[in-house]
Amino acid sequence: MSKGPAFSSISLGYFGSIAIVLAVGTISLMFLPSASPQDVQGDGRQLHQSGESTGAAHAPVKDAQSRPITAGGFVDGAPVVFTDITRAAGLDKFRHRSGTPEKSTILETPGSGVALLDYDNDGWLDIYLLNGSTFPALQGKEPAPRAMLFHNNHDGTFTDVTDKAGVANERWGFGVAVGDYDNDGWPDIYVSNFGKNRLYHNNHDGTFTDVAEKAGVTLGGWSTGATWGDYDRDGLLDLFVPGYVKFNVDNPPIAGKGGIPHGFCQFRGVSVMCGPRGLPGESDHLFHNNGDGTFTDVSLKAGVSDPRGYYGLSSVFVDVDDDGWLDLVVANDSVPKYLYRNKHDGTFEDVSYLSGFALNDEGREQASMGIAVGDYNRDGKVDFCVTNFSDDYNTLYRNDGDASFTDVSFSAGLANVTIPFLGWGTGFLDYDNDGLLDVFFANGHVYPGVDRQDWGTTWAQRPLLFRNGNGVKFEEVAPATGSGLAVVVSARGAAFGDLFNDGHIDVVMNVIDSTPVLLRNVVKNSNHWLTLKLTGGSKSPRDAIGAKVFVTTGAIRQRGDVFSGGSYASSSDPRLHFGLGTANAVDKVEILWPDGTTEEIKNPPIDRIVSFTEGKGIVEQ
């Protein structure tokens, strides 16, 4: 099975290029216009090459009923893992919008994220769903679509509290990252938009105030999946915001217009929307928290400004090399990924290639959307799983130590199954509480026209869940007919957490141009669990972002990291959940706080949510 690139460019300096397009059994040459960084269209577009897929065309995979596997393959009588309770929970009141159904421009295709947060500190996760927008809304010709905040009613239902909370956004929203940036004990919300971003400060009374202008974090281009983290260990959360594409609403990149040739933007020989490749990318931004409600842009000084103009979609701060300092990971679309190693002096070293994370095992870039973070093989080191475009596989990167990674996707059993799917939101989660992290992928295509082709992929796609068998090999969990794993939607953002405080991890997916999907975990077994809610002390971020936890039961030691962002442009439950399998006790819990201190808990209670405050031990809620 070929896994080579769909096309590559042979550079001829700045005098032009030849794109070699590889299709099944054919090779064709397409001469592209000459362009240099200065030789661009009037709106700033560079005409190098366009497209989004970085994998080769694959033969269609279909189920027994001749349905593409992305919208089929359902198994009658299979065990039900998730049930779709969206309507019963009241979330169907929200409907996402993103441009027109035709998706003629790239702005309309990525969709939006979702956040799980306890905004009112009542001990139950609430749900914040970002919305997109439309071109008429941007021009003030129609009401803008609204984001929605849903309050958890503790009974399986949710209530829309957006108006009271003041978090409707009413801009073209893409990413959401949750963090307590002022250490007042209440979660704040950063929203990445096309246009100005928002920083919603939590007022402690069920309302929020947008302080982005005062804080200096509005930006104004096209921002995507941000992340909070205390990169300099001063006890205050800093903010990283990746940028995607420079996009001109008044002169959008469309083939046959504005100097872009007819037929320039194609996928498998079919005309599609243009980009991201061939378009100038937005810069990335790192904002240092000044401790007075304002931030300073230190992107250039820190070495994370992305001078190459890569197309960032998701990011996460996490300690990759276990030196006690947060490193930075960025998923980029159709170009190499970034891994920045923290140098402990306010700057980062770009080790993307040296680490093995920039490319896959073939040395090829991928069209990356989302990032899952977790120690799937229980070796004490944090690993990553990255979602990618269709005709390519989702990539599992095993951490070999010292910020060195190996692509083990094929040997782990994740690669072949995921090739027809186009992945977005993703996360490691122990859905069956057996003590091993499983992995979930939210899927959906960006080209509506794939439904008119016999390519084995579809616009709306079912999610994928892979069970971790032994820390080495994963196996797809059968999508039981009629269950949550058989929901066929065009999903984008995905967030993971225990929405019902029952010890099971649930999933919320934001679906482009549709209602969201709430998948309730209904697995029934006798496995035990432990969830930790951490509160940092005076020298750590209050919400403990950046903390690492190790849970030991007998010979088994699990790791969990508190982080903000990741997945695709989404934020998940900040509490750390550990499945314990059949173990009926936990020997110890080790907590490595963001400020460098370490604490240990002996024999904590299990099958419950335990709150732990730095320096004070277990706190009763």
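Visitor: What makes the charged end of Lys337 count as sitting over the ring of Phe357?

Guide: The structure is a predicted model. In this model the charged end of Lys337 is 5.5 Å from the centre of the Phe357 ring. The distance limit is within 6 Å, together with an angle within 35 degrees of the ring normal. Lys337 is therefore listed as sitting over the ring of Phe357.

Visitor: Which ring does the charged end of Arg520 sit over?

Guide: That of Phe500, with 3.8 Å to the ring centre.

Visitor: Why is the aromatic pair of Phe267 and Tyr447 called tilted?

Guide: A search of the whole structure finds 33 aromatic pairs. Phe267 and Tyr447 form an aromatic pair with 5.1 Å from centre to centre and 45 degrees between the planes. Pairing needs centres within 6.5 Å; under 30 degrees is stacked, over 60 is edge-to-face, and the rest is tilted.

Visitor: Which residues do ring pairs link into a cluster?

Guide: The cluster holds Phe135, Trp172, Phe174, Phe194, Trp222, Tyr244, Phe247 and Tyr311.

Visitor: Why does Arg378 count as partly exposed?

Guide: Its relative accessibility is 28%. Buried means under 20% and exposed means over 50%, so Arg378 falls in between. Arg378 is found in the loop between β23 and β24.

Visitor: What is Arg378 in contact with, leaving aside its neighbours within four places in sequence?

Guide: With Gly435, Leu436, Ile556, Arg557 and Gln558. Towards Gly435, the side chain of Arg378 reaches the backbone oxygen at 2.9 Å. The C-alpha atoms of Arg378 and Arg559 are separated by 6.9 Å, although these residues are 181 apart along the chain.

Visitor: How do you know that the radius of gyration agrees with that of a compact globule?

Guide: For 621 residues, a compact globule would have a radius of gyration near 25 Å; the protein has 23 Å, so the two agree. The C-alpha atoms fill a box of roughly 65 × 55 × 50 Å along the principal axes.

Visitor: How many of the 621 residues count as buried?

Guide: In the protein, 63% of them do. There are 7 helices and 41 strands.

Key:
Residues are numbered from 1 along each chain as its sequence is written. This is a predicted model: local features need pLDDT of at least 70, side-chain atom pairs count only at pLDDT 80 or more; totals for chains, interfaces and linings use all residues. Side-chain values use heavy atoms; hydrogens and water are left out. Rings of Phe, Tyr and Trp (its six-membered ring) pair if their centres lie within 6.5 Å; planes under 30 degrees apart count as stacked, over 60 as edge-to-face and the rest as tilted. Helices (H or I, at least four residues) and strands (E, at least two) are DSSP runs, numbered from the N terminus. Buried means under 20% relative accessible area, exposed over 50%, partly exposed in between (1.4 Å probe, protein chains only). Contact means heavy atoms within 4.5 Å. A polar contact is a pair of N or O atoms within 3.5 Å; within protein, one must be able to donate a hydrogen and the other to accept it, and residues adjacent in sequence count only if both atoms are side-chain atoms. The radius of gyration is taken over C-alpha atoms; the globule rule is 2.2 Å times the number of residues to the power 0.38.
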